[in-house]
Amino acid sequence: MKKNKLDIQPLLHTGLGRFYLAALLATLYGFDVEAQNLNLAPRLVVNITIDQLRTDYLEHFAPLYKQEGFRRMLNEGRVYEAVEYPFSPVDRASAIACVATGATPQYNKIISQQWLNRKTLRPEYCVSDQKRVASPEHMATSTIGDELKVSTNGRALVFGIAQNEDAAILSAGHAADGAFWIDSKTAAWTTSTYYPQTAQAWVRAYKSVNNDKKGQLVNEIVTDAALSCITDNALGRDDITDYLAVTLSARLGTSMGQRQEMEGVYTSLDTTLGKLISGVEQKIGKDKVMFVLTATGDTDEPETDYEKYHIPTGTFYINRTSQLLNMYLSAVYGSGTWVEGYFKNQIYLNHKLIEDKKISYSEIIQRSKDLLKMTSGVATVSTSPYDTEITGDLWVEVTPGWKILNEDTNTSYQARTAFVPFPVIFLGANIKAEHVDTPITTERIAPTIAKCIHIRAPNACSAKPLF
């Protein structure tokens with residue numbers, strides 16, 4: 001005859017229940033009850049990603065910081081100083097998806113903010129959704145917020161707030177209660193019908209009360225919305241951990257690179273960050289919240305006129321080169337549209353034509369590489385590191401200093417291989433202050449948060465927690 005087992009899972013979702021469990025373990029195994037109680041999960045996790053934050057600028061302006069922002073995080077937090085993304089290239093969308101999922105684009109499928117849709121041969125936005133305008137449907141794996149929802153049977157509250165929809169949506173995940181961003185046309189807060197009606201109602205109510213923020217900088221507006229979201233949606237009010245993802249920005253403006261503007265951006269960010277941290281702690285309690293801060297590892301820099309300074313440079317025309325490649329493949333394999341399209345530094349081959357002609361894919365790739373490598377300015381040509389359904393078959397990397405130009409869209413970018421340093425900082429939840437100079441990668445953030453709040457890591461995350 002089987003004995004009835006005590007179901008302790010509901011009890012574990014209360015602070016009292018977890019305390020009694022710690023006491024029981026202490027009795028059985030001689031643990032320190034007080035020490036065990038310190039390991040209780042925080043009521044709220046605030047995951048802050050700052051787009052284009054750089055450690056070198058962060059340190060350079062340190063004497064100008066106040067007590068509650070960067071200075072406090074650097075002094076009281078667990079600071080990982082040598083951080084990088086485990087893939088390249090990195091932009092805001094792919095970076096935030098990696099932080100949220102603990103996985104690279106190979107698994108989460110968010111390779112960048114845009115890619116070329118092979119069916120339409122038009123650029124597709126990473127959070128586009130024909131039915132609901134915007135959603136996380138392109139992201140193929142779970143996020144830390146999703147796993148929190150699963151582990152609490154949907155009772156945890158999960159939100160994402162940012163200036164841009166890709167940051168808000170990807171940071172929050174599939175199961176979020178809401179993702180909110182600023183409409184680029186109306187400059188008003190908005191969301192998607194993908195989210196519950198409560199999210200729509202909150203946006204409408206918030207807009208009606210906070211409809212005039214013209215005097216504020218964007219980071220201040222995002223912070224105000226985040227603090228209101230906490231209050232209005234009762235985040236951190238019970239013993240079930242809630243999750244709020246906030247994206248701020250360290251992007252420079254038109255006078256990019258000037259010291260005065262950089263100083264203004266970082267000192268303003270410091271004030272805003274301090275407002276966010278102190279505001280959250282006042283609402284939730286200093287000992288009941290954990291902050292996580294990192295950056296996108298991306299940076300916008302102005303195109304440099306290297307020719308003016310006699311530095312080797314040039315222009316690689318992706319449209320002309322693609323047309324030349326198509327002519328070459330037609331001469332080898334017969335007339336046809338062998339090159340379907342091109343986008344950024346990627347060239348898309350016609351898979352159906354290759355299959356119909358019964359041509360070896362590896363053979364046509366090798367012939368294409370051989371031709372492209374002979375083109376001026378090309379440093380390397382590689383095949384896609386990801387699923388070719390959403391990426392080009394051939395990735396062209398030009399020599400640093402050279403520019404890739406698409407004359408059809410008049411878009412370009414200049415090749416640079418300079419390393420962009422940025423930190424990962426954990427603050428609160430009884431985390432010991434420490435500076436760690438051991439190199440780490442960003443996919444370890446999600447499993448660390450998961451461990452701190454006692455849930456499973458996202459389903460494509462195989463990285464180990466940092467502590």
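A charge sits over a ring if NZ of Lys or CZ of Arg is within 6 Å of the ring centre and within 35 degrees of the ring normal. Arg54 does this with Tyr57: its charged end is 5.0 Å from the centre of that ring. Arg320 does it too, with its charged end over the ring of Tyr317, 3.8 Å from the centre.

Before going on, know that this is a predicted model, where local features need pLDDT of at least 70, side-chain atom pairs count only at pLDDT 80 or more, and totals for chains, interfaces and linings use all residues. Residues are numbered from 1 along each chain as its sequence is written, and side-chain values use heavy atoms, with hydrogens and water left out.

Now for rings meeting rings. Rings of Phe, Tyr and Trp (its six-membered ring) pair if their centres lie within 6.5 Å; planes under 30 degrees apart count as stacked, over 60 as edge-to-face and the rest as tilted. The structure holds 14 aromatic pairs. Take Tyr333 and Trp338: their centres are 5.7 Å apart and their planes sit at 50°, so this pair is tilted. Elsewhere, ring pairs tie Phe159, Phe180, Trp189, Trp202 and Tyr206 into a cluster.

Finally, look at the backbone. Most residues other than glycine have a negative phi, and most peptide bonds are trans. Ser88 and Pro89, though, are joined by a cis peptide bond, with omega about 0°. Ala187 isn't a glycine, yet has a positive phi of about 65°. His454, also not a glycine, has a positive phi near 60°.
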